[in-house]
Amino acid sequence: MSAIAHTDPNAAAGGWRSVVADWSGDRQAFQVPWGKAMMWIFLLSDTFVFSCFLTGYMAVRITTTAPWPNPSEVFALTIGGQSIPLILIAIMTFILITSSGTMAMAVNYAYRRDRVRSAALMIVTALFGACFVGMQAFEWTKLIHEGVRPWGNPMGAAQFGSTFFMITGFHGLHVSAGVIYLLTVAARVLAGRYEQGGNYQIVEIAGLYWHFVDLVWVFIFALFYLW
Amino acid sequence: MTHADTADSHTDSHTGSHAGSHAEPHSFWTKYVWSQDHKVIAIQYSLTAIAVGLVALVLSNLMRLQLGFPGAVSFIDPASYYQYVTMHGMIMVIYLLTALFLGGFGNYLIPLMVGARDMVFPYLNMLSYWVYLLAVVVLMAGFFVPGGPTGAGWTLYPPQAILPGTPGTEWGIVLMLTSLVIFIVAATMGGLNYVTTVLQARARGMTLLRMPLTVWGIFVASILALLAFPALFVSGVMMLFDKLLGTSFFMPAIVSMGQTLEHSGGSPVLFQHLFWFFGHPEVYIVALPAFGIISDLISTHARKNIFGYRMMVWAIVAIGGLSFVVWAHHMYVSGMNPYFGYFFATTTLIIAVPTAIKVYNWILTLWRGDIHLTVPMLFAIAFISTFVIGGLTGLFLGNVSVDIPLSDTYFVVAHFHMVMGVSPILAIFGGIYHWYPKVTGRMLDETLGKVHFWVTFLGTYAIYFPMHYLGFLGMPRRYYAYEGYEFIPASAQTLNAFITVAALIVGVCQLVFLFNLAWSAFRGKPAGANPWGATTLEWQTPDTPPKHGNWGAELPVVHRWAYDYSVPGAERDFIPQNVPQSVSPSEAPDADPAAWEGHA
């Protein structure tokens, strides 16, 4: 009885020890499927990647001796003779956050086993994502035309271009991967691949990834465009 | 256990659709090459890691030849010396130790020890190995490109790592950084599998606090890997951009060879912070699995339950957590704010507390145990010895005021080789001697094993003990030659020659080990299912070596913790984890309070 004797008295003891006994006592630490658990753990790891990128960005922004370009001016678009600051990025952010909404709806319909609506909403989400990447490509093109390069730019500190291309590029890769991921899952949902087991967790798992990518964007937006 | 029972039906419903569900392979290729079986992947990982480790061993002996007998080997010039230093360090830390502990031991032992049929995602697991192999190939390619591999030192500090003057700035550094980034992808795919398998795919009754400490060590180390490698990934990507695109993440304004470089405004210290945010947890990524393996080896071969199991678990978790807040103790002389030193010295010394708990518990497990001096046990006891030495010198170096004069001397070399070179490798040897019978069905030869042990163990002391003394003399590390430094007495050269002879003997002695590995696989004494009389699940498999799916028709059910050794009243001196409590009531300690007391 040694192991039982090791755990069971603690369950009765209450407080911290009973929390541990409860949590460690099951076969599974979390009552979720394996794929979902793994996605959460992966996202935790990926959080550290983005945190390191953003910390690095903040560090070089502090160490560089040249003045940092004013984001309100750099990221402004001239529309109808008016220079509107941050207009493109505002639309991009709006699109990405909207895509989180359509994704959530797709998960909802997936659990109701409404395959067509779920797949359609996933495709809409993917289209929003593709739209975001497209607008990012437009933004990159515009900046490149204005002379911004990873190794330097006419507006000020060279690190502006380096961090901008690196971080938005890395995030853009995440969005692009997410678009492919969502389209794959949507195609499989439509094909009825998950009908057999009736298990549509995969849609939620894909959704987790998508929401994460959106959440990361909020931080990039705040730290890069608003600072 | 109603709690667990409700979970069971839930788990079983998707056990069928995930792990172990891949069909049993029959062709040679799917069985041994593109295998999704965790046991085959483990062996692939281990053999690759050992092969690449041999390269690093040869490099270290070449370095020692130069230091002991300067100029005796004509092809070792300063540039190649630095390349050996760099490649030796990086290979040993990442491509040997990390890969062997997590990819080798982790892959083999986690599913078997927690009672699963395989890792939760076998295909991802297979990819992990092949991506790791790609990383190794890219790294090794460094030896064959113009300019050779990078000679920046294993820490790859910029700006020197990518500037002309350092060997291998043409291709070597690019291949090194690329290889690291690829390795991190592989480690992430593996680590996700290990962590999820431990958390979600245990056999019935295998609660977290019944898991063998080996699994705990590998589990927490995998979490550390998932959270620490991102920092190396990011610093690797940024330095690649500095090198290839001309960005200035880590490059300040520099005048190099009379010319002002294009770079300006970057922060070399940023790289050090990122590198060590990875680098310090990395120490524990190789130490924690070693802790776990040593705990199980000592308990099994001393026929005694591990002392303070719960504290051992908490110590592993605490060390894992603390390892993320000590990184800048590697940077006392980097020019960072001195107040940081105060903070990081404090956290560094705090880490000694859970570590000391572990060492005391090992000693108390040995205390009055029925110690069998088998080869694995010899390695385990040797580990405690070398780890204590390395740990104590770590306390020296953790203090800012002691570290500054000793920084970049051979004292540091001696310290980290004792604590994270020799100690983990002794744990690996012990683990290999211990689990080889399960992997192959045959015992490793004991006489050869003892020769290997004594030469290696005494040899490492002969190598590293004198280095502490050289460090006190102020002998700087990473120097190609030491002629003309007046503060180093001539007798230091005698000591260096002695160290070199010892290193060569230890190096050659590893051939005995390799021979033993190869010979015993075919000619070794048949081992049977459980040659050590161990309690943990991997020794209770229906077949040895375990077949595809590990457990035959039925998964094991766990009824007790992993350390029921020498239970009073039991007929044998061990009770496997899958033996029900009710088999012989007399062996249940709580039936007899006196026995229970002695047991706890």
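How are α11(B) and α14(B) oriented to each other? In this predicted model, helix α11 (residues 375-398) of chain B packs with helix α14 (residues 446-472) of chain B at an angle of about 10°, and their axes lie 10 Å apart. Angles under 35 degrees count as roughly parallel, and α11(B) and α14(B) are therefore roughly parallel to each other. On the side of α11(B), the contact is formed by Val375(B), Leu378(B), Phe379(B), Ala382(B), Thr386(B) and Thr393(B). The partners contributed by α14(B) are Glu446(B), Gly449(B), Lys450(B), Phe453(B), Phe457(B), Thr460(B) and His468(B).

Turning to chain A, an unreviewed UniProt entry lists residues 16-227 of chain A as "domain: Heme-copper oxidase subunit III family profile". Over residues 16-227 of chain A, the chain is 75% helix and 3% strand, with 42 Å between the end C-alpha atoms.

Helix α5 of chain A spans residues 87-111, 25 residues in total. From first C-alpha to last, α5(A) reaches 37 Å, close to the 36 Å expected at 1.5 Å a residue. Its buried residues are Ile89(A), Met92(A), Leu96(A), Ser99(A), Met103(A), Ala106(A), Val107(A), Tyr109(A) and Ala110(A). An α-helix has 3.6 residues a turn, so residues three or four places apart point the same way. After α5(A) comes Arg113(A), which has a positive phi, near 60°.

How values were computed. Residues numbered from 1 in each chain as written. Chains lettered and ligands numbered in written order. Predicted model: local features only at pLDDT ≥ 70, side-chain atom pairs only at ≥ 80, totals over all residues. Axes fitted to C-alpha atoms, helices over the stretch in contact; angles between N-to-C directions. Helix = DSSP H or I, 4+ residues; strand = E, 2+ residues; numbered from the N terminus. Parallel < 35°, antiparallel > 145°, perpendicular 65-115°, else oblique. Contact = placed C-beta atoms within 7 Å. UniProt positions renumbered as here; feature names shortened; annotations may be inferred. Expected span 1.5 Å × (residues − 1). Buried ≥ 20, exposed ≤ 12 C-beta atoms within 10 Å, placed from the backbone.
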